[in-house]
Every structure is written in C-alpha cells, then in structure tokens.
Amino acid sequence: MATTTMSDFRIDPVSGLKINRTANKLVQWNAFAAVVFLLVGGLFGLLVALTRMPSVQLLPPELFYMALTAHGLVNLAVWIIFFEMAVLYFLGAHVLGNRLATPAFAWAQFWLMLVGAALVAVAVLGGKSSVMMTSYPPLQAEPHFYLGLILFAVGALIGCFVFLGTLVVAKRDNTYQGSLPLVVFGGVTACVIAVFTIVSGALILIPTFLWSIGLIGSIDPMVYRVVWWAFGHSSQQINVVAHISIWYLIASLVFGAKPMSEKVSRGAFLLYILFLQLGSAHHLLSDPGLSSAWKILNTSYMIYLAVLASMIHGLTVPGSIEVAQRRKGIDTGLFTWLRKAPWGNPIFSGMFLSLVGFGFIGGITGVVMSVEQINMVIHNTMYLPGHFHGTLVAGTTMAFMAVTYWLIPVVFQRKIALAGVAKLQPYVFSLGAWVMSIGLMGAGTLGVQRRHADITFAGQPLAYEYPEIAKGLMDLSEIFGVIMAVGAIMFILVVLASIFTGERIAEDSAPWPKVEDADVTAAKAGNKHIGAWGMEAPGTFVLAMILFVTIVLYYFINFKYLSTVWGLS
Amino acid sequence: MGTSYTPPTNPDWWREPIERTEIWWIVLAFAWCLFMTAWMVGWHFSGTQNMSNETYRTTPEVFSKKVADMQAQYTIRKDTATGEDVVAPPPGSDVYLAAMQWQYRPILELQKGKSYRLHMTSLDVGHGFSLQPENINFQVYPGYEQVTTVTPNKTGTFAIACGEYCGGVNALGHHTMLGRIYVKE
C-alpha cells in the first residue's frame, strides 16, 4: 500500500482545508458530470414545460412521453446522485483533511455511473423505453434500460463504500479529533440511507431486467411497486439529508455559525436513519392489497418521527444563523439579523431560498398529501410534480447550486466568473420553481392528471373538460417553469465560465479572509446575553410558528375538501 | 466556538443543555406529530372517505365475464356519445369496472345517495382511476380486484381519466383513456 506524502495534499487558500489531490480529481469529475446532466435533463424539462402549456402543446404525445421519461431520470437520479458522490467525497476527504480510500474503486464508481446513464439514455432516446422513470411492469422497456439503471446504482453503491472506507482511514490516521463534524455526520446519514436505497433498487431491477430478456415469466405489479418505492422514495431522502448538511455547512461558512445543539441536530439525523425509509409507503396509499394499518404506520414514518426531524433541522439551521448574527452584535428586533444577512451572496441567498422553499412548499405539502385519506384526492394529479419540484428543485437543487458557488474556488481553484449573473441566479431559479410548484399544485387540486400529453382530451367522445382556471394555472405554471429553466441555464453558464475561463487561484496565494467564529467575535466584543423572551433565536421561533400555523390550517382545509367528495369505504 | 464542519469543540457535547428555542419547538412539533397520527386513525372511525383495501386475486378472463354478466342484466340504454351500453346496476349491488388500454368500461349509471360495491381491476397494464371533477384517485393493477363501497353524493356526469401512465401512441394512449359514470337522483 502506497504511503501518502505531503505533496499529495495542498492547503487550499480559499477554505483553509487540507485537500488531497487525487480525492479532488474525483470531486471535480463527479461534480462536473452532475452539472452536464443537469443541463441535459433541464432541456428535456423545458420541452415538458412547453408541452404542458395547453396553449402551446409543443410535442406530440410519443415525444412528450419520451422527454418526460428522460427528464425524470436525468434530473431526479443522474444529476443529483453524481452531485451527491462529489459531496460525499468532499466530506470524507476534504473536510476531514484526509485522503480518499481506494481511489481506483472511486473511479469505478464514476465510470459505472457514466456508462449506466449512457445506456439508459440510448434506450430512452431510442423511443422504445418511454416507461417513465418509475417503469412499472407490465409496461416493458428495452433490456439495456434496466441494465443501465443497475450499473448506475452499482456505481453509486461503490461510491458509498468508498466514502465509508474513507472515514475509516480518517479515524485510523487521526486526521480529526473527537466526534465527526456535524456535516460529515449528515454525510454518514445520507450514505446509510443510500445503501438501503440502492440494495432495494437492485432487488427489484435485477429481476425486472431478467424479465425483459425473457428469463422470468412475469413481474407482479404490486410487488414491483412496493420494492421499487423503497428505492424511489428513499433516493429522494438521500437528497434531503445531503441538502440539509449543506445548509449547516453554509451557515458556518457565511456566518461563522455553530450548530445550536450538536445533540439535537445529530439526534434529528439519527431519526432519519431510523424512520425516513418508511416513507416509501407514501406512493402506495391508493394501491390495492395493502392494509390501512400498514399504510398508516409507514406513511406517518412511525408517528411522524422523520417529519419531526425535518421540522427540527428547519429551525436549527436558521436558528444557528440568528444566534451567530446576534452574538456578532446584530441583536435588535426580531428579524434584523435576517435583514442584514448578505442577500447579494448567492451562497447564502441560494441556501436560504432552499430552506424556505423546501419547508413551505415541499415540506408542508408533502406532509399533507401523505395522509392516507387525503392522498385519495391528490394521488397522481399534477399536485405531485408540484410537490416534488418544491422539494427537489426549490430545495435540493437550489442548495446544491448554492454550495457550488463555494466549491468552484475550493475544488476547481478558479474564481467565480460572471459574478453578476451568479448574484441574480438563486432569485430567478427560485421564483420559477416556487410559482411553478404552487401553480401545478393548484391545477392538481382541480383534478389535472400528471403524465398526460394532452389535458384537453381532444377528439374523444367521452372527453372531460377541466375547469378553465385549471388550464390557466397550467399555462401560468409552465411560464414559470421556463423562468426556472432560465435560472438553471444561468447557473450552468456561471459554472462553465468559471471552470474554463475563471481567474486561477494559485496554490501559494494568500489565504482568503475567513469568516470569524461568531463566538470569537462575541468574546472580543463582550456580547453575552442575546435574544428575547429567554430565547436565543426568537426571530427563528416566530418564523417556525408561521410554518406551524400554515401547516395546521392547510391540513384542515384539505380534510374539509375531502369530506365533500363521494362517500368511500 | 466551533462550526458544523469541524469536530464539536466540547468532547462532551452530549451533555450540553438544549436552548429554550429548540426545546419549545421540539415539544410543539412532536405534539403535532402525535395529533396527525391520531387524526389519521380517527378518520377511519368518524370520516366517510376511507380506503377500503378489500382486494382479491383475479384474472382478465374471470373479471371480463363478471363485467359481461352485469352488462347483460342491467343495460338500460345506449349512450348518446358513443352508442355503447349504459349499465345501471341496482343500489347495493356489486358493480364491475374494467380498466384497459385505453378506456374504462362499461359506462355506468348510479343513483345519488345509494351505495355500490365497486370492483375494479386492469385487464392489461397498470392504470389509475381518476374520477373527475370529484378528483378521487386510485391505482388499478392487473391481477388485483379491489372493492370500494362508493356513495355518490351529487348528480351529474362524471369522467374517469387515467391517472397512471399506460403507454400508447400519438392518436391513442394514456392521454385518450376515459370512462364515464352518470349519477341521477
């Protein structure tokens, strides 16, 4: 085994981190592949948006279903999981001042995922695998569609074990003292969930692949759904954990904030490990053959303990920012700390927009729609794309973009080019994502079905006409979908311009000024008692109460609506 | 002292007291979690809209025969839109509705305020039952016959759209899949 020497590392002037060069290559390639796939998936998304506008209807149905399959797979899986691999390697190696365990296996991860994604792309673009990203049997895709997914998943699984091995190396080589940093603990949480997720995916996709080449007679559609969603839903929970870790990271980077309580934040991550995966039942609430007891236990994540965890993170992240700001002397009023935050810094603005968007749009709707009974009046309507663009786009993708503005100088050693575009980007992207999500949810509440190439049912004798307002909402939503795409293109332009043309940051250049720990500032200035009402973060508590009241009201509004439809028992 | 990306400065972080903002929020949030769980269970007893989850194994042949028998017995007229049979089974009876590429059949006529045991299955791939404008949505799968007791509470013409992507080509497919239920006084 090769020994590591000092020349394998550099001290990064931007972050002060001790960065292993080999590990950095892998972070770079995974992050770069992620952004390229974001572009590819985003362009398919744009085609979907332009077709869903009743007044435009760009693509004919067959092409629409192909574009929707491609958009779902590329943006839901490929972009996000490549980025998560970059995040895991960054956390395990760079944050801990460590090397990467078994770089050869890490390269195998990268190439397997790339080849897998390419195989799926060939299958989908061939036009004979328009089965949506869920690929429910008995609808059948071409064999290389499933094979590609399997290779991609195996690659990701290898990446998870490289990360775990990297932690072992860090512990053995004493690259850090005491407990793991909170963000790395978050990375471990994401990794544990990822292993569960990918094994579930293998359990169902391997038999489905064998079925597609004729070695297995049939795949039971319900068995497929139960096992597939252990993969499909949990994979989205990896994103939640990853972007929450990024929130904590950015709060520290921008404000010198420390977690309000290590115990509470880590406890909340632990709740995710224990209960988050039960959420796959959310997708099965309107399915036959499963008992209500099973549905209730699972959809509530065992008395909503994973929801509790998200509510905790939703308070502790902005709370830690508030505490830091107050310690630094911005201790007047309820929201002065927030008003005086650096809103022109896309690292912060992106992170905070992600937090608010994820909580208010993705979070509240997710909790309400996963109630067993309410699901009946929401299931598979346009409400669903509305909800998961709130979680995945307004939440996860926005957070990943925000941290990228910090990663480019650290990982690619380039200054951000087109800084003016970068400054605006989080606002454009979030505006698009938020209004689109809310608009789609409105249309879904009025009954518009998802995955429909033509919501007007043109030429059908039994045609149903959705209310005019639903069609108007679809037009409006997708106009903002286009705005969201503009925001994504702005991001990609900034990334490519920075990586290829940005000003180089020499390895021996002077360290960049670091944000001082808020506690250090407070000690210097002698600031001691902070906050109001006996709380260190009263403003955050008020914000949390607004979220709380919103969710309670929205919960009962939905039950009121449910109580007016046909009796069902 | 400390950040989220460095190890906790206090090695005994587990014993640090929790600040009041967090404690109050955790108590409140957990109380809401308990309430939501209890409400979801409670609605099964007090609510009138619940999943039945009564399900049987079936085959396309067996189910098609049940549909045909019901159609032979209870057809009351031809539909003006399609010329097909409109089937009006008596209140309280078992009603059979088949999903297939790309339609829901037969066309049904029910009475407001009366209950029916609605049996559904798919004869080919997975479909979704989406009753509009009520916006009631279920998954429907081949091999599984699910039974839901439905009680229409308003009159009118209701459409069944397909809520799960089920394939197809430009002219005919998931986006053209429809069925119909009439509800009269």
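1. Two strands are taken to pair if DSSP finds at least two bridges between them. By this criterion, strand β3 (residues 85–87) of chain B pairs with strand β6 (residues 107–111) of chain B, in the parallel sense and over two bridges. Within this pairing, B:Val86 has B:Ile107 of β6(B) as its bridge partner. The model under discussion is a predicted one.

2. β6(B) is also joined to strand β12 (residues 178–184) of chain B, by four bridges, and these strands run parallel. Here B:Gln111 stands opposite B:Lys184 in β12(B).

3. B:Pro106 lies in the loop between β5 (103–105) and β6 of chain B, and the peptide bond that joins B:Arg105 to B:Pro106 is cis, with omega about 0°.

4. Chain B as a whole contains two helices and 12 strands. Their order from the N terminus is α-β-α-β-β-β-β-β-β-β-β-β-β-β. The radius of gyration of chain B is 25 Å, whereas the globule rule gives 16 Å for 185 residues; the value is well over the rule, so chain B is more spread out than a compact globule. The C-alpha atoms of chain B fill a box of roughly 80 × 40 × 30 Å along the principal axes. Of its 185 residues, 45% count as buried. Among contacts in chain B with a separation of 6 or more, 56% are between residues 24 or more positions apart.

5. Chain A is made up of 16 helices and three strands. Its radius of gyration is 23 Å, close to the 25 Å of the globule rule for 569 residues, so chain A is as compact as a globular protein of that length. The C-alpha trace of chain A spans about 75 × 60 × 45 Å along its principal axes. Buried residues account for 62% of the 569 residues in chain A. In chain A, residues 24 or more positions apart supply 85% of the contacts with a separation of 6 or more.

6. On confidence, the mean pLDDT of chain A is 95, with 99% of its residues at 70 or more.

7. Leaving aside residues up to four places away in sequence, A:Ala86 touches A:Val27, A:Asn30, A:Ala31 and A:Ala34.

8. Which loop of chain A holds A:Pro138? A:Pro138 is in the loop between α3 (103–125) and α4 (143–172), and the peptide bond from A:Pro137 to A:Pro138 is cis, with omega near 10°. The loop between α3 and α4 of chain A also holds A:Ser135, a residue that has a positive phi of about 40° although it is not a glycine. Is A:Ser135 buried or exposed? With 24 other C-beta atoms within 10 Å, against a cut-off of 20 or more, A:Ser135 is buried.

9. A:Leu418 likewise is not a glycine and has a positive phi, of about 55°. A:Leu418 is placed in the loop between α12 (383–412) and α13 of chain A. A:Leu418 is partly exposed, having 17 other C-beta atoms within 10 Å. In general, most residues other than glycine have a negative phi, and most peptide bonds are trans.

10. At the interface, 85 residues of chain A are in contact with 78 residues of chain B. The elements that give two or more residues to the chain A side include α2 (61–95), α5 (182–212), α6 (221–255) and α16 (538–562). The most comes from α9(A), with nine residues. By class, this side of chain A has 48 nonpolar, 25 polar and 12 charged residues. Strand pairing also crosses between the chains: two bridges join β3(A) to strand β10 (residues 144–151) of chain B, and these run antiparallel. In that pairing, A:Gly567 has B:Thr151 of β10(B) as its bridge partner.

Conventions
Residues numbered from 1 in each chain as written. Chains lettered and ligands numbered in written order. Predicted model: local features only at pLDDT ≥ 70, side-chain atom pairs only at ≥ 80, totals over all residues. Contact = placed C-beta atoms within 7 Å. Nonpolar A, V, L, I, M, F, W, Y, C, P; charged D, E, K, R; others polar. Rg over C-alpha atoms; globule rule 2.2 N^0.38 Å. Buried ≥ 20, exposed ≤ 12 C-beta atoms within 10 Å, placed from the backbone. pLDDT = per-residue confidence, 0-100.
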